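Welcome, and please open your viewer. We will go from stop to stop, selecting a few residues each time and looking at what is there.

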Amino acid sequence: MRATAPLPLLLIMKSHSWHKCEEKILDVYILSSSVSLRQEFAMVQNLQPVLSDTEQPAAVDVVVIGGGIMGVCTAWNLVRAGVSVLLCEKGVIGGEQSSRNWGWVRKMGRDHREMPLMLRAMDIWAGLNDAIDGETGFRVTGITYFAGGASDIEKYRGWLARISEFDLDTRVLSSEEAAHHAPGATRRFYGALHTASDGMAEPTLATSAIASAARRAGCVILQHCAARTVEMQGGKVAGVVTERGRVACKRVVLAAGGWSSLFLGNLGLRFPQLKILSQVMRSAPIETGLVGCGSGPGFGFRKRLDGGYNMSMRTGYPVDVVPDSFRFFKDFRPSLFSEHSSLKLRLGKRSLEEFVMRRRWRGDQVTPFEKYRVYDPAPGRHVLEGARKSFDEIFPAFRGARIVESWGGLLDATPDAIPVISGIDSHPGLFVSAGYSGHGFGLGPAAGQLMAELVQGTKPCVDPAPFRFGRFSDGTKIQYWPIGF
């Protein structure tokens with residue numbers, strides 16, 4: 001993949017009035033003093049609202065920045081351990097990628113370094129509804145990767161050999177066995193990879209339900225409240241400055257998804273992170289015979305609890321060329337070469353937005369986080385139209401299916417496609433949980449447990465070494481695992 005020079009962007013910026021490039025932002029309004037929040041333009045329908053507190057505390061033990069699934073799971077684990085927690089969310093709980101992902105909860109296809117954490121996550125998911133007294137939508141449904149040819153099967157067998165120590169129930173299926181998982185398909189698949197014990201959860205339910213449980217347990221949740229910066233005193237974390245003022249604390253967890261690199265950059269910290277546009281559409285309830293989750297050449301699906309389907313393609317993700325594309329090009333070069341067929345570089349609206357976005361600010365200045373309360377990228381027609389065509393051709397039962405909504409979301413990726421769940425040695429008291437590279441939703445409950453344990457200094461549920469923040473700067477050889485596997 002050839003690097004693209006920034007000159008085209010500069011020419012575009014000179015020839016267009018910037019004020020005409022409108023941001024698509026989800027406006028949030030406070031309805032009453034009880035602070036129930038609603039979304040005026042609910043791009044992702046059925047996202048369950050979470051009550052917000054009214055007062056920002058003067059001091060807490062831990063401030064969690066970010067109300068996605070990583071932040072709320074961390075907060076929930078901390079408050080259950082008796083730690084006082086403030087969770088700050090610039091928009092609404094679960095408003096960005098945590099409600100926009102496919103909803104798969106899988107062991108299959110993961111990097112072996114993530115597997116211990118994912119096995120722990122599966123154990124937590126199994127009892128999570130009872131633990132939080134809420135509905136996450138988790139169900140064990142099985143997941144299937146359909147093979148287009150012999151090369152896919154060879155890849156699947158190689159992965160099975162690599163993770164054989166974990167004794168999974170994953171199987172390589174013959175063409176005849178694969179057909180049982182694709183009833184009515186017009187295409188005869190070469191075979192498949194299938195894990196019966198994998199499953200799904202509902203993104204519009206899960207994060208909100210866990211956040212509500214954390215709040216009932218004592219976590220203070222402030223929505224529409226951006227954290228601006230972290231204050232250091234004597235070389236250690238001393239507090240967080242939000243748009244409402246200062247909060248004293250000794251530990252901070254940054255779980256801000258694709259905004260994490262920007263936040264850390266303002267503190268003088270380098271976190272190589274790029275964003276990839278994920279695109280999904282949802283059908284009305286329909287009977288097709290397909291159950292669980294699956295993907296293959298040209299398609300990907302999950303049957304929802306409401307009887308409809310989330311539908312997309314497993315490749316063809318747009319990647320906007322932005323300043324970080326050049327800033328982190330050396331870090332991402334191996335992954336870009338590996339994923340060149342599944343990632344599509346482009347100059348788009350976000351390219352312009354990020355080229356003029358402020359990157360440095362003080363605690364008394366308005367930040368980009370307040371400008372982009374909930375970033376709502378429009379899905380591209382090419383991917384979703386291609387997916388719809390594939391479904392109509394391969395699964396005739398989808399012909400005529402009514403599409404209820406479609407949406408975009410930004411995946412935050414690291415150079416090795418595994419997350420950072422770690423403290424930062426140069427900033428004692430500052431921790432990061434980000435970079436889940438498109439497969440963090442399923443990891444969420446265990447990632448939250450691990451982060452809470454690291455913050456408290458207790459024995460971690462798994463070895464955290466693979467997720468060190470310092471691995472991108474201390475000479476560690478970066479081993480990349482394909483996002484699109």
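This is a predicted model: local features need pLDDT of at least 70, side-chain atom pairs count only at pLDDT 80 or more; totals for chains, interfaces and linings use all residues.

Start by selecting Y317. Leaving out residues up to four places away in sequence, Y317 touches W102, I276, L277, S278, S342, L343 and K344, where a contact means heavy atoms within 4.5 Å. Y317 sits in strand β20, residues 317–320; helices (H or I, at least four residues) and strands (E, at least two) are DSSP runs, numbered from the N terminus. Is Y317 buried or exposed? With a relative accessible area of 15%, Y317 is buried; the terms mean under 20% for buried, over 50% for exposed and partly exposed in between, with a 1.4 Å probe and protein chains only.

Residues are numbered from 1 along each chain as its sequence is written, and side-chain values use heavy atoms, with hydrogens and water left out.

**Stop two: α2 and α14**

Select residues 69–80, which form helix α2, and residues 444–456, which form helix α14. Their axes come within 7 Å and cross at roughly 55°. Axes here are lines fitted to C-alpha atoms, for helices over the stretch in contact, and angles run from 0 to 180 degrees between N-to-C directions. That angle makes α2 oblique to α14: under 35 degrees counts as roughly parallel, over 145 as roughly antiparallel, 65 to 115 as roughly perpendicular and the rest as oblique.

Show the side chains next. From α2, the residues in the contact are I69, M70, C73, T74, N77 and L78, and they meet G444, P445, A447, G448, Q449, M451, A452, V455 and Q456 of α14. This contact of α2 with α14 has nine nonpolar, six polar and no charged residues. In this count, Ala, Val, Leu, Ile, Met, Phe, Trp, Tyr, Cys and Pro are nonpolar, Asp, Glu, Lys and Arg are charged, and the others, Gly among them, are polar.

How many disulfides does the structure hold? There are zero, a disulfide being a pair of cysteine sulfur atoms within 2.5 Å. For C73, the nearest cysteine sulfur belongs to C219, 12 Å away. Move on to C219: its nearest cysteine sulfur is that of C88, at 9.3 Å. C219 is also buried, with a relative accessible area of 2%.

**Stop four: α4 and its partners**

Select helix α4, residues 115–132, together with helix α7, residues 203–216. They pack at an angle of about 45°, with their axes 10 Å apart, which makes α4 oblique to α7. α4 passes α7 in a left-handed crossing. Look for W125, L128 and I132 of α4 against A206, A209, I210, A213 and R216 of α7. That contact divides into seven nonpolar, no polar and one charged residues.

Now keep α4 and bring back α14. These two helices pack at about 110°, with their axes 7 Å apart, and are therefore roughly perpendicular to each other. L117, R120, A121, I124, W125 and L128 of α4 make this contact with P445, A446, A447, Q449 and L450 of α14.

**Last stop: two backbone angles**

Most residues other than glycine have a negative phi. Select D133, in the loop between α4 and β6 (139–140). D133 is not a glycine, yet has a positive phi of about 55°. D133 is exposed, with a relative accessible area of 65%.

Then find A417, in the loop between β22 (403–413) and β23 (420–423). What is the phi of A417 near? The value is near 65°, positive in a residue other than glycine. A417 counts as buried, at 1% relative accessibility.

How values were computed:
A crossing is left-handed if the near helix is turned anticlockwise from the far one by less than a right angle, and right-handed if clockwise.
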